[in-house]
Amino acid sequence: MEAVTYIAFEGDRCIASGDLRDVASAAKAALDRRKEASVLVFDGKTSGPVDIDFRGSIGEVLARLPEVADAPAATDDTARPAPRGPGRPKLGVVAREVTLLPRHWEWLARQSGGASVALRKLIDEARRTGEGRDRVREGQEAAYRFVSAMAGNNANYEDAIRALFAGAAARFEDLTAEWPADVRSHALKLAKQAFDREPVDPAALSR
């Protein structure tokens with residue numbers, strides 16, 4: 001699935017997706033054609049609503065957009081330049097204070113490579129083992145936000161939410177079959193990463 005940076009809906013119909021400037025332009029055009037139009041713009045990854053001031057001309061609307069709206073969020077790896085000095089700066093090593101109990105320091109001191117190497121290994125392992133759970137959780141949250149905003153009045157809404165959080169992909173698809181095509185299509189894309197391959201307990205769907 002190709003990632004959608006931003007997406008706009010006029011009612012139940014998707015009118016644009018992609019770059020924020022393109023999406024904002026399409027939304028502005030829709031509002032200029034029909035003043036009573038209901039247009040919503042979402043972050044394509046998180047489904048968070050995007051607040052755009054549509055007053056004035058298209059140029060004025062675009063000028064008010066955040067300059068960094070489409071830039072990737074800063075992370076610990078990108079927010080700070082690698083230190084220059086002793087050590088291995090090409091690795092981007094950052095020195096910070098860590099507070100541990102004496103027994104933790106004693107255990108770290110016994111590890112091959114010392115405390116820093118041991119901590120890095122522990123963190124990397126935790127990131128690997130938690131990645132799948134985080135992906136599922138993020139997919140559930142993104143799909144839930146979008147569905148709550150766009151499909152709350154549609155048939156089988158509550159059952160579809162239960163299926164989403166139960167990881168029941170086939171049931172989610174069935175329950176959304178009667179939803180407006182564009183709303184259903186985007187909901188399925190968002191929910192895709194929320195569905196793992198673990199078998200679903202049918203009892204979970206009736207709770």
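Q: What makes 29% of the 207 residues in the protein chain count as buried?
A: Buried residues make up 29% of the 207 residues here. The word means under 20% relative accessible area, with a 1.4 Å probe and protein chains only, so that 29% is the share that falls under this cut-off.

This is a predicted model, where local features need pLDDT of at least 70, side-chain atom pairs count only at pLDDT 80 or more, and totals for chains, interfaces and linings use all residues. Residues are numbered from 1 along each chain as its sequence is written, and side-chain values use heavy atoms, leaving out hydrogens and water.

Q: How do you know that there are seven helices and three strands?
A: Helices are DSSP runs of H or I with at least four residues, and strands are E runs of at least two. Counted that way, the protein chain has seven helices and three strands, in the order β-β-α-β-α-α-α-α-α-α from the N terminus.

Q: Why do strand 1 and strand 2 count as paired?
A: Pairing takes at least two bridges found by DSSP. Five bridges join strand 1 (residues 6-10) to strand 2, so they pair, and they run antiparallel. Within strand 2, Ser17 is the bridge partner of Ile7.

Q: What makes the sheet open, and why do strand 2 and strand 3 stand at the edges?
A: The open sheet has the order 2-1-3, with antiparallel pairing. Strand 2 (13-18) and strand 3 (39-43) each have a single partner strand, so one side of each has no neighbour in the sheet.

Methods
Buried < 20%, exposed > 50% of the residue type's maximum accessible area, 1.4 Å probe, protein only.
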